[in-house]
Each structure stands twice: as structure tokens, then as C-alpha cells.
Amino acid sequence: MTSAEAQDRIRQLRAEVSRHDELYYRRARPEITDFEYDRMRRELADLERDFPAEALAAGEESPTRRIGDDRAQGFVRARHASAMTTLENTYDEAEMREFDARLVRLIGREPLEYTIEPKIDGASISLIYEQGKLVRAITRGDGEEGDDVTANVRTIRSLPHRLHAAEGGAPVPEFVEIRGEIYLRFEEFNRINEEQDELGVERYANPRNLAAGTLKLLDAAVVAERRLEVVLYGLGACRPANVVSSQVDWHRAVRGWGLPGLAAVARARGIEDVLAAIRVLDAERAGFPFATDGAVVKLNDFAQQREAGFRGEGERARKLSPRWACAYKFAPERAEARLLSITLQVGRTGVLTPVAELEPVQLAGTTVARATLHNADEIARKDIREGDVVWVEKAGEVIPAVIGVNLARRGPSCVPYAFPTQCPACGTAVVRQEGEVAMRCPNPSCPVQVRRRVQHFASKACVDIEGLGEAMAETLAGRGWVRTVPDVYRLRREDLLGLGKNVEKSTDKLLAAIEASKGSELWRFIHGLGIPHVGAAAAKDLAARFRSLEALAGASLGEFIDAKGNSLILGIGETMARAIVGFFATAEHRALVEGLREVGVAPMAPAERVVTGTALAGCTFVLTGTLPALTREEATALIEAAGGKVSGSVSKKTSYVLAGEEAGSKLDKARTLGVPVIDEAGFRALLAGSAPAGGS
Ligand code: ZN
């Protein structure tokens, strides 16, 4: 390679790597696989090392000299007490041996002891606990400063907000930064992607992107709907500093304080044993319920870690990556397969998802014959054609995906794929709504849509009608007996008996199950209606608030959110609120509620909200502005738990206006009407049963 060629290539790679950093870190929408990205970044780093003069001539700035920046609009920035670095990575055992040899030279001892941890593929997070209390959660950002995502992280159910010292374990430090990874289990990843399909929006490429994207949502209520998980394994700043002295003790301390830590951390002396432990991990990880893309190898002894130090330390006063740790990444499982044809799958809301029908191929221990193609844009961008030889990738339980075309094997007769103009199920012309990536069949009577809606309604997660699975739903929709969900309750025994011989017993069983489902819990019906964004957890929150399908269907946007978009119902954010109101705005969906009532469905409303106090009985509150400690949902929950009510607008009947910073016109109105205005401290005093200062 000539000097000019090297300089050109460096420029080109810097631009490419920067572009993919942006897609990966900020938008959580990568266009290439991690493997391709790592290869590109490695090529750049090698060129910069071998052609230092050319690298300098190409400019000072290089993505290899900084950490991929995840900071996004809409979040408050927060500084890390100690820099949050990334790990050097490799796919090569020989490089792992070099990593060890360098450390042996540096520390002057052999063999060195290492820990081997599974590398969980998620989004990095730093949690700060002060006096044992969770005070802040910050993303990696640029390593020095990240986004404050505390509200979102607090929705993680497995994360304790308070640390407890275990008997005989490490004491809880005064201040500690605990680093880890936010991730999603495969099961949840697949559930959310199916929902994305139904909403007609882009699927997430992998659990990592979904976790990172979720962490950056501005609506904590939507975050709470997605079951994020967290695993903690790293130590940042700590006061007092000497809580533990090794990686192994640190893992033990983390778990001892009640935090979700790494369960099985291997320990090995010398690099050959490390490599053996990595191979064991590679064999075991197929059974993990979450994505792992490698093994992280760290020096066990903290004193040795300090001796080894960081790359970038000193020269630029910015730490880039530790010399005492390295990630060994497993190359993804990938296979080539012939794409026989592209078929369309019709979803319950009419979304048409293209599916690759493949010549069966062995991949990650299973036979793969179908893979998702996401949407029409994706097919066009990758120029995937019927008859092509494509690369298929599969990670864990994630649905296999076509990641690209082997153009060298494209035949001359391959023509660009044209997305069908008609629904394969009913022949209706397909449409594409503005702002959506998906094509849809707009016909609500489309038999496949009907079948899927009925199947969803009858599923275990909804009203749970035994005997009404996919096959039966298909029959009922196909015969035209069921066109809408209420039709399930209008099925006639004599029709069902015509389905075959000896079906009397199963028919009666099915009819009994259908009849029994009429009294299911209200949230099951709400979930079963298939309102966009509304999963089981949100359905429960809605059931508790509205107590009937009619009340929910008739609710206005103002009952969910105030004029500024703040949520008035715990667990229901603006996106969901708009989806619910939009859903019931159509006559067809209102008819569902009416139809269910007509057929005698009597949903069981949840037990009355447990009112733990009566301090606020009969009081109506209006919230305005930002309170110092409480979110609006929290304040609402406290008011309701104490027997009070929350209203969206100020009137003479309002008992108190609870005002925070930047309170708006409601505050003026309260003053005009002479309604008492209290702050958070006054509110807490009220809750405690004493009269607030300033209240009357
Ligand atoms: Zn159709």
C-alpha cells in the first residue's frame, strides 16, 4: 500500500466508522453487524498504527481515539465520577495470548490470575448509590459524561433501590459507582418485535439495540412496559476505596448487597486455562435466556489492575480502555442459504411482514428454513432478490435474520423484488400509512387479520379460552362465523357440530370455555382488544382506573394526560394515551365494546383500590409544574392511596393545587378562585395528617 493509498483509506474508514458509531450508539439502528463493524474499526486502527504520518495527515480526529457517544436529545447530562471506558476486543485466540504476554511483562509475574465473565450484549449503565440508596443512573455517553436515565432505570423490577449489607459480607460504601449492562431476555425481545410489527414500525435488529433504544425513551411509562433487566459487574469510583481487593470479591459484594450480579464467574491462572474457560462459556451460552457475544477477561487482583492502568491515560488525559481487561468475542453463527421465495405474513392489524423462505440450512444447532426480512425498505436497501444466495444469522432465541446477499453468487435471471400490491389473504390493495415502514392490508374483514385478532383475544395472556387456538381461529374466520371478537360469543352449536364427526364432546367443551370467559377479569378484555402499545401490565393499570370497558372507551385524552403531556395515570404515558383514544375514535372499535356487552360479557373489575389512609378523603387535587422529588404519577398514587382524587383542571371545587416549579396558568386560576396552593412539603404534611403551611 502506498502512502497516498493509506491516507485515502484512513479517511474513508474514519468517515464510515463514525457513521456507524452514530447509527449504533445514538440511534440504536445499526446497518451492519457487530462483526463487520469490529472488522472495519480494526482495519482503521491497524492502518493508523502502521502509517502514523498518513494518519496524522488525514486529520487529528479519529473514532479510534474516542468512545462511541450515546448521548441523546431530551436528557440531562451527568458526569461520571470515574471515567467509563470501553474494552478492546478481539475474535482471535492468538491476540488473547498477546494480551496476557503484555501484562506478564508489565507486572513481572507469571502466571497471572484472571476472571472470565460472560459478555452480555446490552447497553452500558453506571448506577450511583449514596449511603446505600440509588440516586442516579447514567449511560456511558462519551465516557466522561452520559445521559441521566434514572427514571427509566427505576422501572427495572429486579433492581433494588437500596443496598443492604449481608451478614459477614462487604459493608455498603458511602458512595459507589456500579457498572453493568441493561439487557432484555430473548422472550421479551421477541414479544416487543411482534408488537413493533403490529404497529407497523421498524423491528429492532437485536436485543442490544432494543435495550439501548428503550433506555433512551423519554416516557418512563413505556419503558416500564418493556421488561428491562440489569446485571452489575463493574466498579467505578468508590468511597471508601478499599471495600474489596479483587474482581472475585467484587462480584460477591455486589450480589451480597442484593443486586443482580453475574452468577457464574470463572477464574483461571495463565492464558491457556483462560482460553479453555472461554470455550466452556461458548458451549454453555446457547442455553442462556439473554444474548452473549463474548467473554470478558479481567485481571483478578485490583492492585495488579492499577499497575496495568489504562490506554490513553496521561497522553490525552482521557482514559480509553483498561490494559487489564479484554473482550474475546465469538464470531456470529452465519450460514449461506438460497432464498427460494419471499412470502407475506399478515398480522392482526393488517401489517404485511415479508418472510424469506429458505432452502433449509443448519445454523446454531437448528434447521433454519424461514427468516424475517423486516419490511419493504429493508429488502430494497439490501437489494434482496428471490433466487439469491443470502447470509442468514441467528443469535440465541432471536428469529433468524437475512443480513445480506452474496452478490458473487447472484444468477443473471435474478430481478429486483417488487413488493406485492395486493394482500395475499384477501386481495385488497395494500397501503402504506405516513410515517410507517410497514405495508398494510386495510381490510378489517381480511380473514387472516380476523383469525389473528381472535387468536390474540382467546390466548392465555388475554381471556384464555381453551380450545380456541390458531387452527380453530382459522376455521372460524375461514367459515365466516367469526368476523369480530364478539362473534366468538355468538357461535352456534349446530354450526360447530358440522365441522366433523365425533366433535360433540370437544364442541361442548369449547362452548363451555367461551361461556366461562365472559366473566374474565377486566384487564384481560382490555388486553384482548389489541389496542396498540397496551400490553398486559398497562391493561391492569387501565382496569384499575376505569373499571369498565365502556368507561375506558369513552375516556378523553384529558383523563390520561394534562395539557403539557404529563401522565395522570400511573403506568400510562402519552404515547399509550394517544393510542387508546385513537383506537376508540373509530366506530369499528367502539362497536367491539358494544358488541361484547350485547353478548353478555361481564368483565370482573378489580377489587377497589386499597385506600391505606383517609387523610385526603373527599379532597380533589390539581397538579401543576415540576415537583422537587415526586413525579406526577407518584404524587397521584399517593393522593389516591390516601382517599383523594386528581383532576386535570382547577375549579371552585378543587381542594388544593399542588404546585411545583414552572407552574403554569393553573396556578393563576387557583389564585383567582382562591383555591389553596401547596408545595411538595405542604403536600407531605397533609399526607401525614397535619395542616400544611400556607393552606387554609
Ligand atoms: Zn387482507
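Q: Which residues of the largest nonpolar core touch the most other members?
A: A nonpolar core is a set of buried Ala, Val, Leu, Ile, Met, Phe, Trp, Tyr and Cys residues joined through side-chain atoms within 4.5 Å. Buried means under 20% relative accessible area, exposed over 50%, and partly exposed in between (1.4 Å probe, protein chains only). Here the largest core has 49 residues, and I465, Y489, I526 and F560 touch the most other members. One caution before you go on: this is a predicted model, where local features need pLDDT of at least 70 and side-chain atom pairs count only at pLDDT 80 or more, while totals for chains, interfaces and linings use all residues. Residues are numbered from 1 along each chain as its sequence is written, and side-chain values use heavy atoms, with hydrogens and water left out.

Q: Which helices each supply at least two residues of this core?
A: Helices (H or I, at least four residues) and strands (E, at least two) are DSSP runs, numbered from the N terminus. At least two core residues come from each of α13, α14 (470–478), α16 (504–517), α17 (522–528), α18 (536–546), α19 (549–553), α20 (574–584) and α21 (587–598).

Q: Where does this core lie relative to the domains?
A: Domain bounds come from an automatic or database domain assignment. Domain 4 (447–517) and domain 5 (522–598) both give residues to the core, so it lies between them.

Q: What does I526 touch, leaving out residues up to four places away in sequence?
A: Contact means heavy atoms within 4.5 Å. By that test I526 touches I531, V534, A539, L542, A543, L549 and L552. There's also a second, separate core of 38 residues, with Y129, L184, L232 and V254 among them.

Q: On to the metal: which residues coordinate the zinc ion?
A: Donors are N, O and S atoms within 2.8 Å of the metal (3.2 Å for Na, K and Ca); water is not among the atoms, so sites may look incomplete. The zinc ion is held by the SG atoms of C423, C426, C441 and C446, at 2.2 to 2.3 Å. Along the chain these donors follow the spacing C-x2-C-x14-C-x4-C. C426 sits in the loop between β18 (401–405) and β19 (439–440), and C446 in the loop between β19 and α13 (447–458), so the pair ties together parts that are 20 residues apart in sequence.

Q: What is the geometry of the zinc site?
A: Four donors count as tetrahedral if all angles lie between 85 and 135 degrees. The angles among the 4 donor atoms here are 97 to 115°, and the site is tetrahedral.

Q: Now sheets: what is the strand order in the open sheet of 5 strands?
A: Two strands pair if DSSP finds at least two bridges between them. The order is β2-β13-β10-β3-β9, with mixed pairing. At the edges, β2 (89–90) and β9 (266–269) each pair on one side only. Inside the sheet, β10 (residues 292–299) and β13 (residues 325–329) run antiparallel, joined by 5 bridges, and V297 stands opposite C326 in β13.

Q: Which residues cover the two faces of β22?
A: In β22 (residues 656–659), Y656 and L658 on one side and V657 and A659 on the other are all buried. Strand β20 (residues 620–624) runs parallel to β22 with 4 bridges, T624 having A659 as its bridge partner. Strand β23 (residues 677–678) is also parallel to β22, through 2 bridges, and there L658 has I678 as its partner.

Q: How many residues of β17 are buried?
A: In β17 (residues 389–394), 5 of the 6 residues are buried, so the strand is largely enclosed by the rest of the structure. β17 pairs antiparallel with β14 (residues 333–346) over 6 bridges, including E333 with K394. β17 also pairs antiparallel with β18 over 4 bridges, and V390 stands opposite V405.

Q: And helices: how many residues of α7 are buried?
A: In α7 (residues 207–215), 9 of its 9 residues are buried, among them R208, N209 and T214.

Conventions. Tetrahedral: all angles 85-135°; square planar, octahedral: opposite > 155°, others 65-115°.
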